[in-house]
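Open the structure in your viewer and keep the selection tool at hand. This tour goes from one stop to the next.

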Amino acid sequence: MSFDIACKLARNAGIAMIFASAAFLSACQVRPLYSESSGVVEKLSSVGFSPASSRVEQQVRNRLIFLASRGAGEAVNPQYQVEIRATTSVADTLLTDSTDTSRAGRVTVSVTYTLRSATDDHVIKAGSRATTALVDFSEQEFAKQRAIRDAENRAADQVAEFVGADIAAALSR
């Protein structure tokens, strides 16, 4: 007799857990970020970016413009304004003891950004992102400088992808 009551209680508890899980999961909203119904594509195409003050910052800015407008170019009358500041640093990682020269390194590009509404200057999202690219150093100085520049470009493009995703996520809310 007590076994029947325990089975009924366990079954009722299981059914209650299923209903509670269903109620909890019904509150979740999963939808594509760039869907037409979300309006993110239109909002992204109306984003303007601050002028660049360095070569790496220009690389980040150009990539962000391309990502936001899907290749159509910069917005003429932006509804949103993004101020970006990019910095770069080069660190040696593999030193040769006999000559005290480096054979490899890391190039890190860091970006801080602030997304504002152009109408009322309200801050929608602010943050920072950083990306590191690895580089091999040649013994020839020009080749070394070119390798660093290529690594900066790779890191700048990658960090722009991260910032672009952050901006898209902020505008989708």
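## Stop one: a pair of helices

Select helix H3, residues 55-69, and helix H4, residues 141-171, in this predicted model. The two pack with their axes 8 Å apart, at an angle of about 40 degrees. That angle makes H3 oblique to H4. The crossing of H3 and H4 is right-handed.

Now show the side chains where they touch. From H3, pick Arg55, Val56, Gln59, Val60, Arg63, Leu64 and Leu67. From H4, pick Arg149, Glu152, Asn153, Ala156, Asp157, Val159, Ala160, Glu161, Val163 and Gly164. Colour this contact between H3 and H4 by class: eight residues are nonpolar, six are charged and three are polar.

## Stop two: the cavity

How many cavities of 30 Å³ or more does a search of the whole structure find? The search finds one. The largest cavity holds about 30 Å³ of space.

To find the place, select the lining of the largest cavity: Leu44, Ser45, Val47, Phe49, Ile65, Ala68, Ser69, Gly73, Glu74 and Ala75. Colour the lining by class too. Six of its residues are nonpolar, three are polar and one is charged.

Which elements supply at least two residues each of this lining? Strand S1 (47-49) and H3 do. H3 gives the most, with three residues.

## Last look

Keep H3 selected as you finish. This helix packs against H4, and H3 also contributes to the lining of the largest cavity.

Note on methods. Residues numbered from 1 in each chain as written. Predicted model: local features only at pLDDT ≥ 70, side-chain atom pairs only at ≥ 80, totals over all residues. Heavy atoms only, no water. Axes fitted to C-alpha atoms, helices over the stretch in contact; angles between N-to-C directions. Helix = DSSP H or I, 4+ residues; strand = E, 2+ residues; numbered from the N terminus. Parallel < 35°, antiparallel > 145°, perpendicular 65-115°, else oblique. Left-handed = near helix turned anticlockwise from the far one by under 90°. Contact = heavy atoms within 4.5 Å. Nonpolar A, V, L, I, M, F, W, Y, C, P; charged D, E, K, R; others polar. 1 Å grid on protein atoms, 1.4 Å probe; cavity = no way out; pocket = protein on both sides within 12 Å on 5 of 7 lines; lining within 4 Å. Points joined across faces, edges and corners; volume = space filled by probe spheres on them.
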